[in-house]
Amino acid sequence: FPVTITLPFKFKNKIMKSIKLLMATAILLFAFNANAQTNTNITKVLNSYIALKDALVKSDATSASILAKDLLTSIESVNMNELDGSSHEQWMKVNAELKEDAEHINETKEIAHQRDHFITLSKNLFSVIKVSKVGTPVFYQFCPMANKGKGANWLSLENKIKNPYYGNQMLTCGRVMETIQ
């Protein structure tokens, strides 16, 4: 049985205004929350990358190989349907190269070869991190001596330089080029 309640006009008007205000607030909160959310797919890739970077800092080729396999698994598990427009677009551009570099690092125990592939891995992952929300500051760092004097970059979750291209030989060689928020 439908029930009809008749309210005076001034109450109907107030109720309608309140409903509109609640709807507008809900829409704004949803939009803000969607904007503020971090991309967990990319964050997992970044965390695997950082573990690999730390192994290269220690010049531990065996660990780097194992951790590159973890990175490859993270890369392959990215659900592109969950990426926003710019993240999705950039991921599509570099996905194959990210996989290739992770595979090469995984397949060798030669630290110099691993570091060569880490150069392009870092460059490509930077391009994704730059347009993605990962929920933590990421430091884009640079060593001018790496890559046969051409220089090379890497990503870090800390401001302090720990060079993955030279390990203990030149542990602190480098500088922060950019902080991605």
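Residues are numbered from 1 along each chain as its sequence is written, and side-chain values use heavy atoms, with hydrogens and water left out. Because the model is predicted, local features require pLDDT of at least 70 and side-chain atom pairs count only at pLDDT 80 or more, while totals for chains, interfaces and linings use all residues.

The protein contains five helices and three strands; these are DSSP runs, with helices being H or I of at least four residues and strands E of at least two, numbered from the N terminus. Along the sequence the pattern reads α-α-α-α-α-β-β-β. Of the 181 residues in the protein, 38% are buried, where buried means under 20% relative accessible area, exposed over 50% and partly exposed in between, with a 1.4 Å probe and protein chains only. Contact is taken as heavy atoms within 4.5 Å. Among contacts between residues at least 6 apart in sequence, 62% join residues at least 24 apart.

The expected span of a helix is 1.5 Å times one less than its number of residues. For the 16 residues of H3 this gives 22 Å, which agrees with end C-alpha atoms 22 Å apart.

In H3, the buried residues include Ala64, Ala68, Leu71, Leu72 and Ile75, and their cover includes H2, H4 and H5.

The strands form an open sheet of three in the order S2-S1-S3, with antiparallel pairing; two strands pair if DSSP finds at least two bridges between them. S2 and S3 are the edge strands, each pairing on one side only. Neighbouring strands are turned by 25° against each other on average, direction ignored. Five bridges join S1 to S2, with tyrosine 140 opposite leucine 155 in S2. Five bridges also join S1 to S3, where valine 138 stands opposite isoleucine 180.

S1 is largely enclosed by the rest of the structure, because six of its six residues are buried. Both of its faces are covered, with Val138, Tyr140 and Phe142 on one side and Phe139, Gln141 and Cys143 on the other. Helix H2 packs on the sheet, touching S1 and S2, and its direction makes about 120° with that of S2. Helix H5 lies across S1, S2 and S3 and runs at about 55° to S2. Here axes are lines fitted to C-alpha atoms, for helices over the stretch in contact, and angles run from 0 to 180 degrees between N-to-C directions.

Rings of Phe, Tyr and Trp (its six-membered ring) pair if their centres lie within 6.5 Å; planes under 30 degrees apart count as stacked, over 60 as edge-to-face and the rest as tilted. By this rule there are four aromatic pairs. In one of them, phenylalanine 126 and tyrosine 140 have ring centres 3.6 Å apart and planes at 15°, so the pair is stacked. This pair links helix H5 (residues 111–129), which holds phenylalanine 126, to strand S1 (residues 138–143), which holds tyrosine 140, across 14 residues. Both phenylalanine 126 and tyrosine 140 are buried. Tryptophan 154 and tyrosine 165 form an edge-to-face pair, at 5.9 Å centre to centre with 70° between the planes. Tryptophan 154 lies in strand S2 (residues 152–156) and tyrosine 165 in the loop between S2 and strand S3 (175–180), so the pair ties together parts 11 residues apart in sequence. Both tryptophan 154 and tyrosine 165 are buried. Ring pairs also link Tyr49, Phe118, Trp154 and Tyr165 into a cluster.

The loop between S2 and S3 also holds proline 164, which counts as buried at 0% relative accessibility. Leaving aside residues up to four places away in sequence, proline 164 touches Lys53, Leu56, Val57, Arg115, Phe118 and Trp154. Proline 164 and alanine 55 are 109 residues apart in sequence, with their C-alpha atoms 7.9 Å apart in space.
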